[in-house]
Amino acid sequence: MIENSRTPIIILMADDDPDDRMLAKEALEEARLANTLHFVEDGEQLMAYLYRSGPYVELRNTPFPGLILLDLNMPRKDGREALQEIKADPLLRRIPVVVLTTSKAEEDILRTYDLGVNSFIIKPVTFESLVDTMKTLAKYWFEIVQLPPDQH
Amino acid sequence: MKQMWIWLKRGLAPPTFEEEETTRVAALLNTTLWAVIGLTLIVSLSLQIAAPELRPGRVGLTIFALVGGLQLLMRRGQVKLASFFFCLALWGLSSVDVLVLGGETTVAGTAYSLVTLLAGLLLGGRAGIGFAGVSVLFWLGTLYFPADVVIFGEQGLPEAFVRILQSTHLMFLAILLHLAISSMNRALARAHRNELDLQAEVAERKRTELIMERYAARLARSNRELEDFAYVASHDLQEPLRKIQTFGDRLQSKYGELLPEQGQNYVARMQQAAARMRTLIEGLLAYSRVTSQTQPFQPVDLAQTIRNVLSDLEIRLDQVKGRVTIGTLPSLEGDPIQMRQLFQNLIGNALKFHRPEVSPEIKIEAWEPGQVPSVAGLSEPVPAEHWQITIADNGIGFDEKYSEQIFQVFQRLHNRTEYEGTGVGLATCRKIVERHGGTIIARSTPGVGTTFILTFPQKQTTGDEI
């Protein structure tokens, strides 16, 4: 099925912290971006969302998110494990994943790039920089970069 | 009567000296001399009865005089000399024996054996051999003497005399053999005791080593737990702090104008406090990382390290118009990142605590072992195999009674409106210096300046790294 390419691209954010989710949503609004922001709270929910299983069955036949913002430290299944699964799946690995985390640890940076993450960003401290980051992300991934064609 | 008894006891007991060897020889000589006195008495009395024409009394007195002289010599401290004279006298008498009695009797045999044994015990093995050698030469030599040199020949002397002389030689030999054997036994017992003592000492040392090992392991474990705690605490504390800062920032920018001035003031102070807390936590993390995130020791060129630090501090140097003079600095074994941190903290401090209206001037010098650094009124020379580095500034200085306090974590001498800072910098410096096996102290005069004195070992021994 060919989708209407004017449907705004979905950004999927996985983060266990409700404050960070709220701030991201506000930053996106402040940046006046047209994208829809969906949230999941941990790695399990993330995989369920992407596989359209469990509570996310209705999402079948809807397009995949155009970008995944992934926090690393989450309960039940953390970002590193989820990243590994995503990049191992032939269908899911085409979705660009940007890690957005508080961890500055060098080994995290190395490991995630090893696993094939597209970018690694340390969560900005001030709200202003968060807004800027969202704007830049959207501009880069949705205007400059060519995303793979829409899939289900 | 009692006084005479005391004198007798004193006379009988051997003298003691500082060296154990000398005391032993003196004891032996003393016993031998008293044995000679005893034997001379017996012989003189016997001869007086058996052969008075030989006038044993005169010989006896001569011998007493000789022994007396030797005792005096010995007690004066000349033990070796007394021993030698005694052996010589005995040898002389034995040789007279040979001449008087002719070379065929066994008297000479025992006489010379006596002298040899005595010399061996008193003066050492080589002396014994020496005397034996001379005795043999002399005895064999008498075989070729013309007959009239031999004074009496066998027929001239009463049988009794010969018998008595033989007996005394034999007794003397027996006494000496006994002394020799007991001396040997004592030495063996001493050696055995020493061995037991040594074994006990080794066992004790092993026990102590084990205790030390266990203690070191416990200490290492405790340190690791503390570091883990410090790291986790700092790390986990940063997350809610970040929220406070972000939402405070959000509050200010989105709804700031809705707040009355007082409200805006409150939010501003809250933000400042949050920023301070962040700096404190970062400082604490850095402090805990001194021993948790380490690099192995390698040669570090201090001059290069300081040049790097100065380039990092370029902006600040420009701002305060600071000037840094560097003397010839050595290379030492250390953790390069920590060395950089150390000097960054110290030089940063010197720039920060400058006198108002006076541009900071910092002098960094190194001093070799034996030199006395010509700064801050120091008077102790640099210890061997160490370097001393002094960092002297012309800043505000401080009262030296705080010179230890400033190295404690979170200790400050100023409040935060006067000078910014967390009070962790110098504590980190001390921790770094101590990890390198060195010391750091501060000398200062308020209003004049401060000097930091770092002492480092030139070489690091492995196993000191914690």
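Predicted model: local features only at pLDDT ≥ 70, side-chain atom pairs only at ≥ 80, totals over all residues.
Biologist: What area is buried between chain B and chain A?

Modeller: Happy to start there. The size of an interface is often given as the accessible area lost when the parts come together. Here 11 residues of chain B are in contact with 14 residues of chain A. Carbon and sulfur atoms give 51% of the buried area, and that area is about 1,100 Å².

Biologist: Which residues in chain B lose the most area to chain A?

Modeller: Three residues stand out, together making up 46% of what the chain B side buries. They are B:Arg242, B:Phe247 and B:Arg250.

Biologist: How many salt bridges does the rule find across this interface?

Modeller: Let's take an example: the side chains of A:Glu26 and B:Lys254 approach to 3.9 Å, N to O. That pair counts because the cut-off is 4 Å. Across the whole interface of chain B and chain A, the number of salt bridges found is 6.

Biologist: Which helix gives the most to the side of chain B that touches chain A?

Modeller: By class, that side has 1 nonpolar, 3 polar and 7 charged residues. One helix, spanning residues 159-255, supplies 10 residues, and that is helix 7 of chain B.

Biologist: At what angle do helix 11 and helix 12 of chain B pack?

Modeller: Good one to finish on. Residues that meet include B:Leu342 and B:Leu346 in helix 11 of chain B, and B:Ile432 and B:Val433 in helix 12 of chain B. The crossing is left-handed. The axes lie 9 Å apart, and the angle is about 145°.

Methods
Residues numbered from 1 in each chain as written. Chains lettered and ligands numbered in written order. Heavy atoms only, no water. Contact = heavy atoms within 4.5 Å. Buried area = accessible area lost by both parts, 1.4 Å probe. Helix = DSSP H or I, 4+ residues; strand = E, 2+ residues; numbered from the N terminus. Nonpolar A, V, L, I, M, F, W, Y, C, P; charged D, E, K, R; others polar. Axes fitted to C-alpha atoms, helices over the stretch in contact; angles between N-to-C directions. Left-handed = near helix turned anticlockwise from the far one by under 90°.
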